[in-house]
Amino acid sequence: MRIPDEERALAEAARAGDRDAFAGLVRLHQRRAYLVARAIVTVHEDAEDAVQEGFVRAWQAIERFDPNQGFGAWVNRIVANAALDITRRRKVRSTEELSDALQSPFRDPAQDAELKSRLSEALAQLPERARSVIVMHDVEGFTHVEIGEMLGIPGGTARSDLHHARQKLRTLLKDLRG
Amino acid sequence: MADELKFPTNGERPDRDSLDDSLKALIREAYAPPDGDVYWTGLEQRIMARVESEAPGDSSWWSVLAPWGRPALIAATAIFAIAGVVNQQFVDSDEQLAYDSVLESSTPDVVSTSEEIMSVERGADGATISYFLSH
């Protein structure tokens, strides 16, 4: 795996205790980390919490980071764990609440309101992990192996979850897509 | 070369049941990250504000103590072993004391009885011996 020189230099400086270098790593990776967290927790505020918590944990463990591996992959796993912790703490969440969350606040509500609404409902009906896998793979482009590493499941399970999630999503949206 | 074209290089198999692009676009929109540098600068600042209060590698108290785990375990084992030996000695000496105290309270009667028997026996023996010696 080719690690950009800038990232390697920042990671090595951060390991030596340089907070500015760590801020550089945050700047480089926070968007991607947010997408990972959002795929897991769904709600924007929770995703933000998971990103913050993940980066703080990464800083606390920076001495154990191997600069020969990508910082992004490493921090994404930590952020995913932080997001999973949040979902465990907030296990009980109603479908209605989830559906509302998906429509807030960074969506453009202008066009095709019915389809968007149905999509939100359909996504909310998917099991938590299936939803995470479908968003991570089909939207963010992570591989099954990467998703498996982030969610703590085998890559084959991620692939299988993805297949079933797509099937279910298609079924739920069948009448809209005809 | 044909094989290289058949199989993607990232180890993923061809994705035949992928969602429609329009559906993907809708999901992407639903999960879109906040737009604008102001938001990301703010998030970075919030993260760094929390990082400022933490030393690097400042995991948790248990990971700070982790290097001391093995020596502490060895020391604790040694302390338990020593404590066990000392305790056993105390128990033994207590038992000995209890035994001695029982013996002390009952010994005089026993000894006096046995001494009486002995003295009688010795007396008899002595008489016998003196009898043989005198004859």
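Two residues are taken to be in contact if their C-beta atoms, placed from the backbone, lie within 7 Å. This is a predicted model, in which local features need pLDDT of at least 70 and side-chain atom pairs count only at pLDDT 80 or more, while totals for chains, interfaces and linings use all residues. Residues are numbered from 1 along each chain as its sequence is written, and chains are lettered from A, and ligands numbered from 1, in the order in which they are written.

**Figure 1. The interface between chain A and chain B.** In the model, 38 residues of chain A are in contact with 30 residues of chain B. On the side of chain A that touches chain B, two or more residues come from each of helix 2 (19-41), helix 3 (44-60), helix 6 (113-125), helix 7 (128-139), helix 8 (144-151) and helix 9 (155-172) of chain A; helices (H or I, at least four residues) and strands (E, at least two) are DSSP runs, numbered from the N terminus. Helix 2 of chain A gives the most to this side, with 11 residues. By class, the side of chain A that touches chain B comprises 19 nonpolar, eight polar and 11 charged residues. Here Ala, Val, Leu, Ile, Met, Phe, Trp, Tyr, Cys and Pro count as nonpolar, Asp, Glu, Lys and Arg as charged, and the others, Gly among them, as polar.

Figure 2. B:Ile27 is placed in helix 2 (residues 21-30) of chain B. This residue counts as buried because it has 22 C-beta neighbours inside 10 Å; the criterion for buried is 20 or more other C-beta atoms within 10 Å of the residue's own, for exposed 12 or fewer, and for partly exposed a count in between. Leaving aside neighbours within four places in sequence, B:Ile27 is in contact with A:Leu119, A:Val135, A:Asp138 and A:Val139. Of the 135 residues in chain B, 7% are buried.

**Figure 3. Helix 6 of chain A.** The buried residues of helix 6 in chain A include A:Leu119, A:Ser120, A:Ala122, A:Leu123 and A:Ala124. At 1.5 Å times one less than its number of residues, the 13 residues of helix 6 of chain A should span 18 Å, and the end C-alpha atoms are 18 Å apart, which agrees.

**Figure 4. The largest nonpolar core.** This core, a set of buried Ala, Val, Leu, Ile, Met, Phe, Trp, Tyr and Cys residues joined through C-beta atoms within 7 Å, has 61 residues. Those with the most contacts inside the core are A:Val36, A:Ala37, A:Val51, A:Val79 and A:Ala83. Helix 2 of chain A supplies the largest share of this core, 11 residues. Domain 1 (5-89) and domain 2 (95-177) of chain A both give residues to the core, so it lies between them; the domain bounds come from an automatic or database domain assignment. Apart from neighbours within four places in sequence, A:Val51 is in contact with A:Gln30, A:Ala33, A:Tyr34, A:Ala37, A:Val79 and B:Leu43.

**Figure 5. The loop at A:Thr42.** A:Thr42 lies in the loop between helix 2 and helix 3 of chain A. Although A:Thr42 is not a glycine, its phi is positive, at about 75 degrees. A:Thr42 is buried, with 25 other C-beta atoms within 10 Å.

Figure 6. Where pLDDT is low, the predicted coordinates should not be read in detail.
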